[in-house]
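Please examine the model shown below with its sequence at hand.

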Amino acid sequence: MGTLSLDQLNRALIERQMLRERANQSALATIEHLFGIQAQEPKSPYVGLWTRLNDFQPNELEDLLTTREAVRMLLMRGTIHLVSARDALGLRPHMQLRLDRELQSGPFAGRLRGLDFDEIAAAGREILDETPQGTADAGKQLKQRWPDREHTVLGNALRNKLALVQLPPRGLWHSSGRAVCTTVENWLGRPQNAMDKEELVLRYLRAFGPATVMDAQQWSGLTKLAETFAALRPRLATFRNEEGKELFDLPDAPRPDPDTPVPVRLLPEFDNILLAHADRRRVIADDRLGVVIGGRPTVLVDGYVVATWAITKERRITVDYIDQLDRSRQKAVAEECDRLQDWID
């Protein structure tokens, strides 16, 4: 069992996240390879795909959303993700336990106490499948049946109990709108069908490995994955990190040399490369996690976060450096910003 350095873990992650070299493949194939793209900010998946793909154009993702080949919905860590229709149906059942726990212990728990959540979900499903709308709007209709409860709180219960898809134009590049929802079953015309948990772990490792059990749990929001890793152990390669923690990986997955050159890359808000591990030092130092929590787009230089970027009201890209970079690296950052600027314009 070999030891993998932080730089080795960095290069493996960069490679699997398609950040060493832009790929020539479809947006749908990329979304599935990445096992979902964090989409809390509606337009961030477009930048996430631009930074990974050659010749990506926004209308390709818009078409996936409007033809129902990809959807935006609440998934990993209880946050909005962009996933393929197939993965939406396979992943969402695994998230239900966490979302149920949020109703029991989250910020609205006290105001929901005493309610039959299954009864609320059934009533909400009928409303949202007949007329897609915001969860708060559906909550106003539920309030007619539960007049002693706040409509926003009832709507939040629907958000957790039902597998809701945010419908276009929400999430489109050239236009947008508020979050109007219906159930994933109604939108896709198919029932949920939970993927095997072993497949879930293998696909996580393909996109984010090598990783510990705790890393996989951080990415997914699931618990008790140690049993799944134990079942998979004969099929996996194992390593240690520099702290001695056990790492699991697919035997044939790429683990590049730690000195492999990596170009400058611009990442959107909450990119999963920054959120998919319990120990995120393979790409961002602990004292910089605030920029992720604050939802600031980041700049990778030599594979690590060294700056943040933003688009001004005048639609110009600006960079705020965390590290002092030499002139050649600053030039490389400026050139990548120019490429994004041209694409946005």
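The structure holds 30 salt bridges, a salt bridge being a side-chain nitrogen of Lys or Arg within 4 Å of a carboxyl oxygen of Asp or Glu. Side chains of opposite charge can pair when their charged atoms come close. The model is predicted: local features need pLDDT of at least 70 and side-chain atom pairs count only at pLDDT 80 or more, while totals for chains, interfaces and linings use all residues. Residues are numbered from 1 along each chain as its sequence is written, and side-chain values use heavy atoms, with hydrogens and water left out.

One of these salt bridges joins R235 and E198, with a distance of 3.5 Å from N to O. This pair links distant parts of the chain, 37 residues apart: R235 is in the loop between α13 and β6, whereas E198 belongs to helix α11. Helices (H or I, at least four residues) and strands (E, at least two) are DSSP runs, numbered from the N terminus. How accessible are the partners? Residues are called buried under 20% relative accessible area, exposed over 50%, and partly exposed in between, as computed with a 1.4 Å probe on protein chains only. R235 counts as partly exposed because its relative accessibility is 48%, and E198 is also partly exposed, with a relative accessible area of 26%.

R329 and D326 meet through their side chains in a salt bridge of 2.7 Å, N to O; R329 is partly exposed at 34% relative accessible area, and D326 is partly exposed at 35%. In the salt bridge between E21 and R20, the closest N and O atoms are 3.6 Å apart. Here E21 counts as exposed, because its relative accessibility is 52%, while R20, at 31%, counts as partly exposed.

The interior comes next. In soluble globular proteins, nonpolar side chains tend to be buried together. A nonpolar core is a set of buried Ala, Val, Leu, Ile, Met, Phe, Trp, Tyr and Cys residues joined through side-chain atoms within 4.5 Å. The largest such core has 91 residues, and those with the most contacts inside it are F56, L61, L91, L205, F229 and I273. Helix α11 contributes the largest share of this core, 7 residues. Apart from it lies another core, of 19 residues, which includes L112, F117, A121 and L164.

Helix α12, residues 213-220, is mostly covered, with 6 of its 8 residues buried. The buried residues are V213, D215, A216, Q217, W219 and S220. Which elements cover them? The cover includes α5 (85-105), α11 (197-208), α13 (226-232) and β7 (246-249). Just after α12, G221 takes a positive phi of about 85°.

Is N241 buried or exposed? It counts as buried, because its relative accessibility is 9%. Leaving aside neighbours within four places in sequence, N241 is in contact (heavy atoms within 4.5 Å) with T3, L4, L9 and L247. A polar atom of the N241 side chain also lies 2.9 Å from the backbone nitrogen of K245.

Notes: Polar contact = N/O pair within 3.5 Å; in protein donor to acceptor, adjacent residues only side chain to side chain.
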